[in-house]
Amino acid sequence: MLTLADKVLVLLIVLGLPLRAWYGMRRLNCAPAGEVEALRPRLWARAILSQWVLVALVAATWLANHRSVLTLGLALKPTGGLAGVLVGLVSIVILVLRTRGAVDTDESVRERIRQRLSPVERLMPRRASDFRLFAALACTAGLCEEFLFRGYLAWVAGLLLPFPVAPAVQALVFGFCHAYQGWRGIVLTSFAGAFLTAVVLVTGSLWPSIVIHALMDLHAGDLARRVFPRDDAPGAPPVPA
């Protein structure tokens, strides 16, 4: 049964997180080019803090109501589904590593990546020193967003809606929480949410989806710092507001 605290937390996740992200992206897009480099890590840090605060509040509410942590998918049991997901993950990682060289040598590949990441260009890292904090953000998103969406919100949706409507709605909410990326970003993150939801259903655990989510974000950040010019690079094109 949902408590008042649960309802407040759902509103904070469904409305608070996307509003914070939208406001931060708007600040980045409206900022003069000379201020972006300093503003970007501050927004990353705030995103990290806000997600961990929400996770702490959800965990405190969950434990205060004497609910089992296993209900959130925090167990990890060896199953055929888990083995299949791990084999697929390792295969994809090997394929990505083998094709990394094309990013540095093939301009057509670089242009495709720039177009794909253009809605969040100003949010992405540009140098190795940036990437360390971005990596912390990526890992935070992997753990916290999976806990909040595939764990907590999936549980809430399951109480209110029948299967398979509940996981579908949760994936759509995840997509709309990325509205700061535009309609294309909403569609892509909805599909990503559906994929990660399927991983949780197949494995019975959040941990594989946490790892996959974090790796996806780390990969996007690594690509961005290799294809976008540094903020202080001569002739770096401005990003329109």
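## Aromatic pairs

Two rings of Phe, Tyr or Trp (its six-membered ring) pair if their centres lie within 6.5 Å; planes under 30 degrees apart count as stacked, over 60 as edge-to-face and the rest as tilted. With that in hand, a search of the whole structure turns up seven aromatic pairs.

A word on the basis: this is a predicted model, where local features need pLDDT of at least 70, side-chain atom pairs count only at pLDDT 80 or more, and totals for chains, interfaces and linings use all residues. Residues are numbered from 1 along each chain as its sequence is written, and side-chain values use heavy atoms, leaving out hydrogens and water.

## Around Tyr 152

Helices here are DSSP runs of H or I, at least four residues, numbered from the N terminus. Both Trp 62 and Tyr 152 are buried (under 20% relative accessible area, with a 1.4 Å probe and protein chains only).

Tyr 152 also pairs with Trp 155: the ring centres are 6.0 Å apart and the planes at 25°, so the pair is stacked. These two residues lie in helix α5, three residues apart, about one turn of the helix. Trp 155 is buried, as is Tyr 152.

Elsewhere on the list, ring pairs join Trp 44, Phe 131 and Phe 134 into a cluster.

The charged end of Arg 67 sits over the ring of Trp 62, 5.1 Å from its centre; the term requires NZ of Lys or CZ of Arg within 6 Å of the ring centre and within 35 degrees of the ring normal. Arg 150 places its charged end over the ring of Phe 174, 4.2 Å from the centre.

Terms used:
Buried < 20%, exposed > 50% of the residue type's maximum accessible area, 1.4 Å probe, protein only.
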